[in-house]
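Subject: The structure you asked about

Hi,

Here is the structure I promised to pass on. Have a look at it first, and then read on for what turned up.

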Amino acid sequence: MGIRFRVPFQKLHPLSRAIHHRYCGNTNPQRTPHRTASARYFTSISRLPMRPPKPNKGSGWQNYQQQRNFWVARLAARLLKLRYILLGSAVGGGYTAKKTYDEWKDMLPDFSEYNWVIPDFVWELSEQIDLDKLAKALPEMEEIAKLLPDFDKIGENFTFLKSLLSSETSSNPALKATDASTAASHDGDKQYKKGLLGELILIQQQIQQHEEEVRRAAATNSARPPSPESTPSASPSPSPPQLNRKSSDREKIDQLQEELLRTQLKYQRMLERLEKENKELRKVVLQKDDKGIHQRKVKKSLIDLYSEVLDILSDYDANYNTQDHLPRVVVVGDQSAGKTSVLEMIAQARIFPRGSGEMMTRSPVKVTLSEGPHHVAIFKDSGREFDLTKEEDLAALRHEIELRMRKSVKEGQTVSSETISLSVKGPGIQRMVLVDLPGVISTVTAGMASDTKDTIFSISKAYMQNPNAIILCIQDGSVDAERSIVTDLVSQMDPQGKRTIFVLTKVDLAEKNLASPSRIQQIVEGKLFPMKALGYFAVVTGKGSSGDRIESIKDYEEDFFQNSRLLRDGMLKAHQVTTKNLSLAVSDCFWKMVRESVEQQADVFKASRFNLETEWKNNYPRLRELDRNELFEKAKNEILDEVISLSQVTPQHWEAILQKKLWERVSTHVIENIYLPAAQTMDSGTFNTTVDIKLKQWTDKQLPHKALEVAWETLQEEFARFMAEYKGKDQDDIFDKLKEAVKDESIKRHKWNERALDSLRVIQHNALEDRSITDKPQWDAAIQFMEETLQSRLRDTESVIKDMVGPDWKQRWLNWKNRTPDQHIRNETKNELDRLLKLHDDHTAYLANDEVTTVRKNLEGRGVEVDPVLIKDTWHQLYRRHFLHKALSHCNLCKRGFYYYQRHFVDSELECNDVVLFWRIQRMLIITANTLRQQLTNTEVRRLEKNVKEVLDDFGEDTEKKTQLITGRRVQLAEDLKKVREIQEKLEAFIEALHKEK
């Protein structure tokens, strides 16, 4: 039975794979013949067995001849061996140096991106130098070849020397042993003191030769015919020498395997050290660029350009069935499976909030990983940089992410679909875009919303249904595989496994707890789960404590896999372990997917842009394409222009409006509570005393507040009037909701200066105290004001009485209207009360109880049942009308009473104290209107303008508010056009940079 040995670390590193494939026996078509199982293979570092000396013949001459022949043979062998050493060292050293040079050349980074570091005059000098002439001046390759040694002759000499030595050593074992030891010492010093590379090549060749020996021995044993003594039913038992030989071969294979493992681990550490040095050098170069030493603008990195496209798409509400199919790495897994820990290991920092068994990832988190000089994290909508090398910044970052998650979750919900965008930069970080999703759960626990499970499934499916998304499926290795939920979900979204990478976490716990380690092998080989994947990885992302640093976890992970029986027994392959190999594989897969799909997505958005532009040209051919922000700025300027127009209102207009509105507000109080009670007095002294008392009470309690209310309402009405007048010019109806909201919010925020209340009270009190009318025009103005007021009140009273009694006989005959029963009762009551007023023209304002009873009895005698309250209400309106008629008659008499007023009505039956009252009221209105106008123009208009600016600024920062207030198909179309154009431009810039990187 053939035995084939596999090198467990043959894919430990890309360079080690190249070395293995380059020097393994499969690449050499002229392989030496296989040796038999009994033959031993000796290398230059193994010691040959000593052969026994020839038997003595007994004569001295023969002894002397034997020694002489021995001395001559040794001399010839040493001379030939010296030539062999020189030629072999030259050929082997040159070949090895060339291969080593090529390998180190491939490991060097690509410095084509830093061509701008070379000064411009160097490039100009290279353009001026004719390289063709310079090349022609160089010697031809044939002439150079003549200077080199003749490798054909060296090969012939080497072959001859090999045949000579093999023949001599086969005939002379002693010479073979001596020369072999000497050659081993010299050859080992010259050829295999090449460092770690030569040792690795040698050990791999030895392992391969031993494999061939074992295979050939097994084939020989199987091909040997059975002995005649053996029966067909019983197989021949191997002899003890054969068993010993097999056991020794197996021990050699195990020993060589362990030696190979140690050598490759040593080689791996050397490569990691070189990579670390390379990382430090790149960090220095990036720091110089960051400081602007070269005074040139550094372009955005490729991953930053791509991340900007994804950020725009996340806010874009796609129309025309345009979907976001750009690649990103979607991290999904069961709750507490280690998704966040894997992402943190890739980002090389503890950036996410952590909890013990509770749900911590409550919304998708998009993390853009890129290389930079400093290890920092930045949010998309914030300028603050979190230094990930400082523990206080890490704690602040975790706290900020947790706050953003909780803020994004609506009331009554547990998770949110709103994406938090974060960028992480640092030396040596692989470039990619990952989205960490909330963990999939099987049961809704206490404290969660009832739809939490379905919401998480819908969010995960929304990200995974993107045909270009790379699914990073995380499975907890410390629990039973049958309990996994996410594997079924992933297999539904990607049944062929063309874009899925499976990651088994907590392998250290799995190895410790599982009785059968082969179960882990089944998982990483894709034989246990029904899902398929591009690749399978096993990682360790923690030591059991959330406070462990990433560096210590990496060291723990490497130590675990170096000592793990999973790797030692070949259950896992070297390229399938550690998060470092995982990040390299995910990054390669991500960029491969990006290169394959980004141009197709750019074409999709180009077609969407064409459709949107066509719709705009057909529907709005004469309008500019203004998006919501541009429309808001336009509306903002118009509103500010309207506010400024308030300062252009003339003082006369302000005072006229304020005086009119203030009298409308207080006229009822003046007539009902001041004038009518005072007019019931019998003499002028009592009239003036009553008026003074009531005016003083009114001024102290109500009048200043009423005046400020009138002023504030006047300011609002004028503001609304200007906005309405401006709208008639060339106003866009799309701004109506915004302007109304700005006006309401500004008025809501505006508060009148309360300090003006006390000063206004003093001014009004002084105005009402003044009773002096200096000239006839002022007297006539007071008469006119009184007459207009009384006529207005009389019209109002007549209208009320008419509504009470219903239509008169003329309206009933002409308009076919009838009175209601209540109006009929009111009309009968009115007629009865009119007769009472005719009998008592100087009747007081109130009916006595006996008079109410008399009126009621009279109405009952005519068959009308009436309530006393109705009688008093009807009397109140009738007496008001009667009083106003008498007051108007008295007002006409006082038109020529200014002469008597100047004499204080001495020796005159005419008294016009009511005219003086209305003069005082009119003067108070004029002075109050003037005072309010000054406060409006000097203070309140400016404060209102300031409030409007603040409201506009607040609305401008609130995207949701602008979306509510500026709506319509025209706005949405302009928004879509702007987004699609921006996406297309970003994609084209990214594609151009991607082609340059190729």
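Predicted model: local features only at pLDDT ≥ 70, side-chain atom pairs only at ≥ 80, totals over all residues.

**The whole protein**

Let's start with the big picture. The protein has 34 helices and nine strands. Of its 998 residues, 42% are buried. If you take the contacts between residues at least 6 apart in sequence, 81% of them join residues at least 24 apart.

**Two helix pairs**

A quick word on how to read this part: a pair of packed helices is described by the angle between the axes and the distance between them.

Take H24 and H32 to begin with. Helix H24 covers residues 736–749 and helix H32 covers residues 913–957; they pack at an angle of about 125°, and their axes are 9 Å apart. That angle is why H24 counts as oblique to H32. The crossing of H24 with H32 is right-handed. On the H24 side, the contact is made by Leu738, Ala741, Val742, Glu745, Ser746 and Arg749, while H32 brings Leu944, Asn947, Val948, Glu950, Val951, Leu952, Asp954 and Phe955. Sorted by kind, the residues of this contact between H24 and H32 are eight nonpolar, two polar and four charged.

Now for H28 and H29. Helix H28 (residues 821–839) packs with helix H29 (residues 849–861) at an angle of about 125°, and here the axes are 10 Å apart. H28 and H29 are therefore oblique to each other, and their crossing is right-handed. Which residues meet here? In H28 they are Glu828, Thr829, Glu832 and Leu833, and in H29 they are Val855, Asn858 and Leu859. The residues of the contact of H28 with H29 split into three nonpolar, two polar and two charged.

Serine 583 sits in helix H19, which runs over residues 579–619. Is serine 583 buried or exposed? Its relative accessible area is 9%, so serine 583 is buried; the cut-off is under 20%. Leaving out residues up to four places away in sequence, serine 583 touches Ile346, Gln430 and Met432.

Threonine 340 is found in helix H11 (residues 339–347). Its relative accessibility is 14%, so threonine 340 is also counted as buried. Which residues does threonine 340 contact, leaving aside neighbours within four places in sequence? They are Phe352, Arg354, Thr361 and Asp436.

Arginine 981 belongs to helix H34, residues 969–997. With 23% relative accessibility, arginine 981 counts as partly exposed, because that value falls between the 20% limit for buried and the 50% limit for exposed. Setting aside neighbours within four places in sequence, arginine 981 is in contact with Arg609, Glu613 and Glu625. Lysine 606 is another one to find: arginine 981 and lysine 606 are 375 residues apart along the chain, with 8.2 Å between their C-alpha atoms.

That's it from me. Happy exploring!

Notes:
Residues numbered from 1 in each chain as written. Heavy atoms only, no water. Axes fitted to C-alpha atoms, helices over the stretch in contact; angles between N-to-C directions. Helix = DSSP H or I, 4+ residues; strand = E, 2+ residues; numbered from the N terminus. Parallel < 35°, antiparallel > 145°, perpendicular 65-115°, else oblique. Left-handed = near helix turned anticlockwise from the far one by under 90°. Contact = heavy atoms within 4.5 Å. Nonpolar A, V, L, I, M, F, W, Y, C, P; charged D, E, K, R; others polar. Buried < 20%, exposed > 50% of the residue type's maximum accessible area, 1.4 Å probe, protein only.
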